[in-house]
Amino acid sequence: MLFHVRMDVRIPHDMDPGVRADIVAREKVYAADLQRAGKWPHLWRIVGEYSNISIFDVDSTDELHALISGLPLFSFMDIKVTPLATHPSDINV
Ligand SMILES: O=C(O)C[C@H]1C=CC(=O)O1
């Protein structure tokens with residue numbers, strides 16, 4: 001099951017720089033692990049924003065929720081999930 005996920009990062013400006021660096025470093029490792037596992041096949045930066053557009057490939061909505069809520073930055077992001085279905089005009093399907 002494919003999901004389009006938009007994440008807008010909203011880290012408080014007054015967060016301790018060391019704490020921020022630690023969370024961002026852990027986020028990077030977490031994201032890399034999920035990409036290697038094939039669960040997060042696309043990760044794109046939105047130009048000019050501290051936001052990303054991602055595609056997740058998971059077995060269930062429960063799995064997606066578990067993966068997203070496990071993000072170290074989860075508490076500091078606004079996240080919008082859009083489920084994707086096959087388009088009838090897609091010649092690749
Ligand atoms: O920077 C972001 O877009 C937020 C998040 C997503 C992957 C990652 O490493 O950080």
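Student: How many of the 20 residues of H1 are buried?

Tutor: The count is 1 among the 20 residues of H1, so this helix is hardly covered. Please keep in mind as we go on that this is a predicted model.

Student: What span should H1 have, and how far apart are its end C-alpha atoms?

Tutor: At 1.5 Å a residue, the 20 residues of H1 should span 28 Å, and since its end C-alpha atoms are 29 Å apart, the two values agree.

Student: What comes just after H1?

Tutor: Just after H1 you reach Gly-38, which takes a positive phi of about 80 degrees. The loop between H1 and S2 also holds Trp-40.

Student: Is Trp-40 buried or exposed?

Tutor: Trp-40 counts as buried, because it has 20 C-beta neighbours inside 10 Å, and 20 or more is what the cut-off asks for. Trp-40 and Phe-3 are 37 residues apart in sequence, while their C-alpha atoms lie 9.6 Å apart in space.

Student: Let me step back to the whole chain. How many helices and strands are there?

Tutor: The protein chain has 2 helices and 4 strands, and from the N terminus on they run β-α-β-β-α-β. Taken along the principal axes, the C-alpha atoms fill a box of roughly 50 × 25 × 20 Å, and buried residues make up 5% of the 93 residues in the chain.

Student: And in what order do the strands sit in the sheet?

Tutor: The 4 strands form an open sheet in the order S2-S3-S1-S4, with antiparallel pairing. The edge strands are S2, residues 42-45, and S4, residues 77-83, each of which pairs on one side only. Direction ignored, neighbouring strands of this sheet are turned by 15 degrees against each other on average.

Student: What holds strands of a sheet together, in general?

Tutor: Strands pair through backbone hydrogen bonds, and the pairing can be either parallel or antiparallel.

Student: How many residues of S4 are buried?

Tutor: The count is 0 among the 7 residues of S4, which makes this another element that is hardly covered.

Student: Changing topic, which residues surround the ligand?

Tutor: The ligand is surrounded by Met-7, Val-9, Glu-27, Lys-28, Ala-31, Leu-43, Asn-52 and Leu-73. The elements that give two or more residues to this shell are strand S1, residues 2-9, and helix H1, residues 17-36, and the largest share, 3 residues, comes from H1.

Student: How do the residues of that shell divide into nonpolar, polar and charged?

Tutor: They divide into 5 nonpolar, 1 polar and 2 charged residues.

Student: Last one: what does UniProt list for residues 1-90?

Tutor: An unreviewed UniProt entry lists residues 1-90 as "domain: Muconolactone isomerase". In the model, the end C-alpha atoms of that span lie 16 Å apart, and the span is 32% helix and 29% strand.

Terms used. Residues are numbered from 1 along each chain as its sequence is written. This is a predicted model: local features need pLDDT of at least 70, side-chain atom pairs count only at pLDDT 80 or more; totals for chains, interfaces and linings use all residues. A residue is near a molecule or strand if its C-beta atom, placed from the backbone, lies within 6 Å of it. Ala, Val, Leu, Ile, Met, Phe, Trp, Tyr, Cys and Pro count as nonpolar, Asp, Glu, Lys and Arg as charged, and the others, Gly among them, as polar. UniProt positions are given in the numbering used here, feature names are shortened, and annotations may be inferred rather than shown by experiment. The expected span of a helix is 1.5 Å times one less than its number of residues. A residue is buried if 20 or more other C-beta atoms lie within 10 Å of its own, exposed if 12 or fewer, and partly exposed in between; C-beta atoms are placed from the backbone. Two strands pair if DSSP finds at least two bridges between them. Axes are lines fitted to C-alpha atoms, for helices over the stretch in contact, and angles run from 0 to 180 degrees between N-to-C directions.
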